[in-house]
Amino acid sequence: MQKPIQELAPRISDCLKLIYTLQEQGQKVSTSVVSERLGVSDATATMLFKDFAAAGWVEHMPYRGVRLTPEGAQKAIEVIRHHRLLELYLARELGYSWDKVHAEADKLEHVISEEFEEKLDALLGYPTVDPHGDPIPSKDGVMVVRQGIKLSELPVGQSAQVVRVSDQDPEKLCYLGQLGLYPESFLHLLSRAPFGGPLHVRVGQPPDEVEHMLGLELADEIIVTPPSLSSQ
């Protein structure tokens, strides 16, 4: 399976990308999780794990499922680079809304060549983040993640800037867009209801501030940078 990304079967590159994402989130990478997220059978997920292990891309970890080896992580990063560059191109150059770019990039990431990727990177000005605030790996595989905390963890009375939205669900992204909660937007946490209740936030800057109530589930998906972190 030592092939360029565009020559890998879509299921293989999708699985590599998923394993990397699950690891990044600190989740267990099991056959059941992978089969559910990719929409394949447990037997197919098990076969993928075996093929990846034979290729030296993953290793089995007791009680943690599989983990990418350095070689496997590099291969996954190549897929992620294609995907996130395409997302940004679709949003910036073709006018796609940020809730639609993920699905379109999923279809295209498997077929573009390395030459096309390099030209895309140059056209976009060598960007470092995609429309959702996710880091775009460099050509040599370096991924710089901006530091932040979940909005749900922000102290009441604190202001912050959105740096990343970690969920790719189109309906959630569409809703957050309606609230103005895009990467680089500013907000202020006015209050937090007890017992897992919603957050009362003020979004934007004067004179265009708007107040919204935001559920805890969505607040967990929004990564923000308080002033104390953004100055570092």
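**Overall size.** I started with the radius of gyration: the protein chain has 19 Å, which agrees with the value near 17 Å that a compact globule of 232 residues would have. That radius is taken over C-alpha atoms, and the globule rule is 2.2 Å times the number of residues to the power 0.38. This is a predicted model, where local features need pLDDT of at least 70 and side-chain atom pairs count only at pLDDT 80 or more, while totals for chains, interfaces and linings use all residues. Residues are numbered from 1 along each chain as its sequence is written, and side-chain values use heavy atoms, with hydrogens and water left out.

I then looked up the extents of the C-alpha trace, which spans about 55 × 45 × 35 Å along the principal axes. I get 9 helices and 8 strands for the protein chain; these are DSSP runs numbered from the N terminus, helices being H or I with at least four residues and strands E with at least two.

**Surface and contacts.** I noted 43% of the 232 residues as buried, where buried means under 20% relative accessible area, exposed over 50%, and partly exposed in between (1.4 Å probe, protein chains only). The chain exposes about 11,800 Å², and carbon and sulfur atoms supply 54% of that. Those areas come from the Shrake-Rupley method with a 1.4 Å probe; for residues, only the protein chains shown count as cover. For contacts (heavy atoms within 4.5 Å), I took those with a separation of 6 or more, and residues 24 or more positions apart account for 63% of them.

**Ser 13.** I found this serine in helix 1, residues 10-24. Ser 13 counts as buried because its relative accessibility is 0%. Which residues does Ser 13 touch, not counting those up to four places away in sequence? I find Val 79 and His 110. The side chain of Ser 13 makes a polar contact with the side chain of His 110 at 2.7 Å, and also reaches the backbone oxygen of Pro 10 at 3.1 Å. My rule for a polar contact is a pair of N or O atoms within 3.5 Å; within protein, one must be able to donate a hydrogen and the other to accept it, and residues adjacent in sequence count only if both atoms are side-chain atoms.

**Aromatic pairs.** My search of the whole structure gave 2 aromatic pairs. Rings of Phe, Tyr and Trp (its six-membered ring) pair if their centres lie within 6.5 Å; planes under 30 degrees apart count as stacked, over 60 as edge-to-face, the rest as tilted. Phe 52 and Trp 57 make a tilted pair, 5.5 Å centre to centre with 50° between the planes. Phe 52 is buried at 0% relative accessible area, and Trp 57 is buried at 0% too.

Trp 98 and Tyr 182 are also tilted, at 4.7 Å and 50°. This pair links distant parts of the chain, 84 residues apart: Trp 98 is in the loop between helix 4 (70-92) and helix 5 (101-108), Tyr 182 in the loop between helix 7 (170-179) and strand 5 (186-192). Trp 98 is buried at 7%, whereas Tyr 182 counts as partly exposed at 37%.

**Cysteines.** I looked for cysteine sulfur atoms within 2.5 Å of each other, the disulfide rule, and the count was 0. Cys 15 is buried at 0%; Cys 174 is partly exposed at 34%.

**Val 210.** I placed this valine in strand 7, residues 210-214, partly exposed at 39%. Val 210 touches Val 201, Arg 202 and Val 203, leaving out residues up to four places away in sequence.
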